[in-house]
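Welcome! Here is a short briefing to read alongside the model, going from the whole chain down to a single helix and a sheet.

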Amino acid sequence: MLRYILLRGALALAVAFTVSLAAFLLLNVATDPARAIAGEDATPEVVQTIRVRYGLDQPMPVRYAQWLGGVVQGDFGESYYWHKPVAELVAERAGVTIALALAAMAVTILIAIPLGVLAALNPNSWIDRTALGVAVSAQAVPNFWLGLIMIILFSVTFPIFPVSGDATWMHFVLPAFVLGATSVPAVMRLTRTGLIEVMGADYIRTARSKGYRGASLLWRHALRNALLPVISVLAVQLGQKFGGSVITESIFALNGLGRLALESILGADIPTVQMLIFVFAIVFVVMNLLADILNAALDPRIRIG
Amino acid sequence: MIKLKRAVGSTLFAITLSLSLSTAPAFAKKADDTLRVAMAEEILNLDYNYTTKREYIILAQMTDASLFDVDPKTQEIVPSVASGYKFIDDKTLDVTLRTNVKFHDGSVLNAEDVAYTYNWIIDPKSESNATGIIGRWLDRVEVTGANTLRFHMKAVYPLALRDMAQRIMLRKKDTYNPGGVVNKNAMAQKVNGTGPYKVTSFKPGQEVVLERFDGFFGPKPAIKKIIVRNIPDIGTQQAELMAGGVDWMFNVPLDLAQSLGATPIAKHLSGPDLRVSFVVLDAAGYTDPKGPLTKVEVRRAINYALNKSEMAKFLIGGSAEGIHTACHPAQFGCDQKSVDYPYNPAKAKEMLKAAGYPNGFPLDLWAYREKPVAEAVAADLTAAGIKVNLRYVKLESLDQARANKQISAYIGTWGSGGTADTAAIARIHFSDETDRNLSGDAQLNKDVLAAEQTNDENKRRELYTKAIGRIADQAYWAPLFTYSANYLVSPELNFPLDSDGLPRLQNASWK
C-alpha cells in the first residue's frame with residue numbers, strides 16, 4: 001500500500017509539472033502578458049516598462065527554467081498584479097474555495113443520495129421518474145444561469161440570503177447549492193443503480209428472512225454496500241469542485257481560488273496561473289488516489305499495490 | 001397527518017422569516033451616509049503611481065491630490081496642491097505650494113515631498129507606470145524654498161501641467177526607498193495620500209472602505225463614507241443594486257441601463273466620454289504597396305460607406321454621436337471644420353468604381369472589442385461592395401500583427417486618458433514613433449510633433465487644424481463615433497457628469 005501511495009504521489013507531481021508547462025506555453029503564445037497587465041490604453045512606453053519589470057522580455061525557456069528552479073525551492077514567484085508571493089496569495093484564498101467545495105459536497109450528498117434511495121426503492125414508479133427528471137434537469141441547467149436565478153429568487157425577490165460576498169456562512173448557501181447541483185445527477189444515478197443491484201442480492205434475502213425490514217434493512221445491510229462506488233465518485237467530484245468553482249465564485253463574488261484563476265488568466269498573471277494549475281492538478285490526483293484507497297479500505301475484495 | 005403537515009409548514013415559515021430578518025442586507029444610502037459602489041475590475045493596488053486602469057484613476061481622485069487639477073466644468077488646469085505657478089521660460093516652471101496640505105497621517109506636505117515624488121517617478125529604477133509619461137519632458141525638480149520648487153524640463157512640452165494634474169500622486173519623502181532600500185509597493189496596500197478621502201480598510205480584490213478626511217485642504221465631500229466593492233459579474237452588480245447593496249454602477253451595458261433605469265429602483269445616467277472609435281486604413285501600403293487602400297479615393301469611399309450616426313445611436317446610445325475628425329470634438333485643437341463624408345453608400349460605390357474597383361476588393365478588417373460595432377462596420381462596407389473578412393481577435397494579437405505591419409485595416413478606440421487635448425490622441429496615432437501610424441505621411445508626423453513643442457496655444461491650434469484637416473482630406477482614418485458612459489445609480493444620489501467622462505465620486509451627494 002505504501003509503495004502504491006508513493007508511486008501515485010510521484011505521478012501526481014509529474015502530472016502537475018506537465019500541465020504547468022502546457023499552461024505556461026499556452027499563456028505566452030495566446031497573449032502578450034505585458035500588454036494584458038498594462039491595459040488597453042497604455043502607451044508603448046508603459047507596456048515596455050512592465051515588460052522589463054517582470055522579466056517578460058526574456059526568452060520563454062529562460063523564464064520557465066527560472067520558475068521551475070524557484071518551485072523546487074518552494075518559491076512560486078510573485079504575482080504581477082498582487083505584488084505578493086503567489087504561495088501566500090493562494091493560501092489566503094484557499095479557505096473560501098475549500099469551504100465552498102465542502103458545502104457543495106454536502107448539498108450533493110443531501111439531495112442526491114436520498115433521491116437515489118427513493119428512486120431505487122420505487123423503481124419505474126412516478127417517484128423514480130421524478131428523481132431521474134430532477135437529475136437530468138440539474139445536469140442540463142448551466143450553473144451561471146442557476147446562480148443568477150437563485151440570486152433573483154432568494155436575494156432580491158425574497159431577501160433571505162445575501163447577493164454576493166463571503167463574509168458569513170449565509171453567503172455560502174446559494175453558491176453551495178449552485179455548485180453542488182452539478183454533481184447531483186451522477187451521484188443520484190449511481191446510488192439508484194447500486195441500491196437496485198444490492199437489493200436483489202442473496203444476502204439481502206437472507207437478512208429479510210432473519211426479520212430485517214424497512215429502515216434497518218436499508219441502513220444496516222443494503223446502503224453501506226450500495227454506496228461503495230458512490231464514495232469514490234464523491235472523492236473525485238470533490239477534487240473537481242476545486243477547479244470548477246470559477247463561474248460560481250465570479251457570480252457570487254466569492255474571493256476564492258476559482259475567481260483568482262479567472263482574474264489571473266485574463267490578466268496574464270503567469271506566476272499565479274502556474275501555481276493554481278499546479279495546485280489543482282495535485283488536488284485532483286490526490287483525490288483520485290484517496291478514492292482508490294477508500295475503496296480498498298471499504299471493500300476487502302479490492303487489493304491495490 | 002394534518003396536524004403534522006401544519007407543524008412542518010409553521011416551522012418552515014418561522015425558519016424562513018427568522019433567516020430573512022437576521023440576514024437582511026444592510027441598505028446603504030442616506031441613512032448611514034454611505035455610498036456603496038460596484039466595480040468589476042479588482043482593486044489590487046492603491047497607488048496610482050504604479051497602476052494605469054480606469055478604476056484606479058477613479059480611486060486616486062478620492063485618495064490623492066496632485067499639484068494641479070482639472071476643473072470638471074471648464075476642463076481647464078487649475079492649481080490644487082500648488083497655490084500658484086509661473087513659467088520662467090519655456091523649459092523652467094516655478095511652483096508655489098499651499099501650506100495647509102496634510103497627508104492622511106496628519107503630517108504636513110512640504111517642497112521636499114513634492115520634489116522627492118517627481119524625482120523618484122522619473123528615475124528609471126522607480127519602474128513607475130508614470131515614468132515614461134513624465135520622464136519624456138521632465139529633467140529634474142529642485143527645492144528652492146520651504147514651499148517652492150523649480151521644475152527643469154528637457155524640452156518644451158505644452159501638456160506638462162496636465163500630466164502633473166492627472167498622473168503624479170504626491171508622496172512623503174523617502175516613501176519608496178526608506179533607508180535606501182527600494183520598495184515600489186510601499187503604498188500598494190496602505191496609501192498615505194492627500195486627497196479628500198482616506199482609506200480605512202482595504203481587502204484586495206474585495207473591498208476598499210474610504211472615509212472623508214477632515215484634514216483635506218479643499219472643499220469637503222458631501223458623503224462621509226464610500227465603500228468600493230469588487231463584483232466581477234454585471235448580473236450580480238445588478239442584483240445588488242436591486243437588493244440595495246449597491247448605489248452606483250458604471251460601464252453598464254446600454255440595454256441593462258435602459259431597462260433597469262426605467263424602474264423606480266435605479267436611475268440611468270448617460271454621460272459624455274472622451275473615448276472615440278475609428279477605422280484605421282493602411283494608406284502607406286505596408287501590407288500591399290499597390291493595394292486599394294493606398295488610393296485616397298478608395299479611403300474616401302470607405303468613409304462614405306459607414307453609417308456612423310446610426311451606429312452611435314443604436315449600438316452605443318446615450319450621448320454618443322457620429323464624428324468626422326481623428327479626435328474628440330471636445331479636445332483642444334480638434335477642428336470641426338475639416339472635411340466630412342456623410343453616409344452615402346451609393347456615392348461610395350461610385351467612387352470605388354471610378355478608382356478601378358467596380359466589383360469591390362477583399363479586405364481583412366481587424367477588431368478586438370465591441371463585436372456588434374465591428375459587424376456593423378463590416379456590413380456597411382460589404383453593402384458598398386467591399387468583401388470584408390472580419391478578424392475578431394484579442395488585443396494582444398492585434399498589437400502583435402500591427403507591430404509586424406500585417407494589418408490593412410483595424411477598428412480602434414482611444415480614451416486619451418481623459419485629456420481634453422488633441423495631443424493625447426494625435427501623437428500616439430500619427431507620429432513615426434508608433435506602430436499605430438499607418439498613414440506613412442512624413443509631414444503629418446512633423447506637424448503633430450511640432451504641436452507639442454510650443455506653449456503658444458494659437459500656434460498649437462494652427463498646427464492641429466492643419467494635421468486634422470490633412471487626416472480628413474486624405475482619409476487616413478474613417479472616424480466613427482464618440483462613446484457614452486452609462487451609469488446606474490440610486491434615485492437618492494446626485495452624481496454629476498463631467499465632460500471629460502471621468503467619474504468623480506468625491507463630488508457625489510445625497511438628494
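The radius of gyration is taken over C-alpha atoms, and the globule rule sets it at 2.2 Å times the number of residues to the power 0.38. For the 511 residues of chain B, a compact globule would come near 24 Å, and chain B has 26 Å, which agrees. This is a predicted model, where local features need pLDDT of at least 70, side-chain atom pairs count only at pLDDT 80 or more, and totals for chains, interfaces and linings use all residues. Residues are numbered from 1 along each chain as its sequence is written, while chains are lettered from A and ligands numbered from 1 in the order in which they are written.

**Confidence**
- The model scores ipTM 0.74 and pTM 0.80.
- Chain B averages a pLDDT (the predictor's confidence in each residue, from 0 to 100) of 91, and 94% of its residues score at least 70.
- Over residues 7-28 of chain B the pLDDT is below 50, and this stretch has 21 contacts beyond near neighbours in sequence; two residues are in contact if their C-beta atoms, placed from the backbone, lie within 7 Å.
- Where pLDDT is low, the predicted coordinates should not be read in detail.

**Overall build**
- Chain A is divided into domain 1 (2-72) and domain 2 (90-266), with bounds from an automatic or database domain assignment.
- The centres of these two domains of chain A, taken over C-alpha atoms, are 35 Å apart.
- Chain B has 15 helices and 18 strands; these are DSSP runs (helices H or I, at least four residues; strands E, at least two), numbered from the N terminus.
- The C-alpha trace of chain B spans about 85 × 85 × 40 Å along its principal axes.

**Helix H14 of chain B**
- Leu444(B), Asp447(B) and Val448(B) are the buried residues of helix H14 (residues 442-450) of chain B; buried takes 20 or more other C-beta atoms within 10 Å of a residue's own, exposed 12 or fewer, and partly exposed lies in between, with C-beta atoms placed from the backbone.
- They cover an arc of only 95 degrees around the axis, which puts them on the same side of H14(B); the arc is that of the directions from the helix axis to the C-beta atoms.
- On the other side of H14(B), Ala442(B) and Gln443(B) are exposed.

**A sheet in chain B**
- An open sheet of 10 strands in chain B has the order S8-S9-S10-S1-S11-S16-S12-S15-S13-S14, with mixed pairing; two strands pair if DSSP finds at least two bridges between them.
- Its edge strands are S8 (197-203) and S14 (387-392) of chain B, each pairing on one side only.
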